[in-house]
Amino acid sequence: MKREKAIVKNQIRMVIPSRSQNEAFARTAVAVFASQLDPTVEELNDIRAAVSEAVTNCIVHAYGDIFGTIDITARIMSDNTFYIRIKDKGCGIPDIQEAMLPLFTTCTGGERAGLGFAVMESFMDKLKVYSKPGSGTSIIMSKRLITKEDNE
């Protein structure tokens, strides 16, 4: 049986300044939007953690000591997949594969553990990272949420 392509049922988009106090807002806003799918507490916590890591990466690594914008899009798809794109216009990542290695960090002084991408990957079904040095980074994540029909 051929699987039909999922369509967008609902979508939000917000652009926030890359200030540390906005990380909690972004995490909460995306989780509230995802609640339309009636997720489990675990699924909601997974989404919160992944968004938190992605937004923190933008704040800390993309912009560093300057402020920029973080563009967040969340979509509810017809197959109960929750899609999130978090995009910045910061410094970009020269080597995505290296940056995705657990414990890799560009921060000095031991402030960061280098686990952001590993955390995102562990909580979401799919993670893709696109980046170009000097032009910014896009993190695209998705998670198919369990439905009542899945449990029957």
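Tutor: The protein chain has 5 helices and 5 strands, where helices (H or I, at least four residues) and strands (E, at least two) are DSSP runs numbered from the N terminus. The order from the N terminus is β-α-α-β-β-α-α-β-β-α. Residues are numbered from 1 along each chain as its sequence is written, and side-chain values use heavy atoms, with hydrogens and water left out. It's a predicted model, so local features need pLDDT of at least 70 and side-chain atom pairs count only at pLDDT 80 or more, while totals for chains, interfaces and linings use all residues.

Student: Why is threonine 137 called buried?
Tutor: Buried means under 20% relative accessible area, exposed over 50%, and partly exposed in between (1.4 Å probe, protein chains only). Threonine 137 has 8% relative accessibility, so it counts as buried. Threonine 137 sits in strand 5.

Student: What makes the link between threonine 137 and serine 131 a polar contact?
Tutor: A polar contact is a pair of N or O atoms within 3.5 Å; within protein, one must be able to donate a hydrogen and the other to accept it, and residues adjacent in sequence count only if both atoms are side-chain atoms. The side chains of threonine 137 and serine 131 are joined at 2.7 Å, so the pair falls within the 3.5 Å limit.

Student: Which residues does methionine 14 touch, leaving aside neighbours within four places in sequence?
Tutor: Contact means heavy atoms within 4.5 Å. By that rule methionine 14, in strand 1, is in contact with Phe25, Ala26, Ala29, Val30, Ile70, Asp71 and Ile72. Its relative accessible area is 14%, so methionine 14 is buried too.

Student: How do you know what span to expect for helix 1?
Tutor: The expected span is 1.5 Å times one less than the number of residues. Helix 1 (residues 22-34) has 13 residues and reaches 18 Å from first C-alpha to last, close to the expected 18 Å. Its buried residues include Ala26 and Val30, and what covers the buried ones includes strand 1 (8-17) and helix 2 (41-62).

Student: Asparagine 80 and aspartate 38 both have a positive phi. Which of them is buried, and which is exposed?
Tutor: Asparagine 80 has a relative accessible area of 13%, so it is buried. Aspartate 38 has 54%, so it is exposed. Asparagine 80 is in the loop between strand 2 and strand 3, whereas aspartate 38 is in the loop between helix 1 and helix 2.

Student: What makes a residue part of the lining of the second largest pocket?
Tutor: On a 1 Å grid over the protein atoms alone, a pocket is an open set of points with protein on both sides within 12 Å along at least five of seven lines, and lining residues have an atom within 4 Å of a point. For the second largest pocket 17 residues line it, and Met77, Asp79, Thr81, Lys126 and Ser142 lie nearest its centre. Strand 5 gives the most, with 5 residues.

Methods:
1 Å grid on protein atoms, 1.4 Å probe; cavity = no way out; pocket = protein on both sides within 12 Å on 5 of 7 lines; lining within 4 Å.
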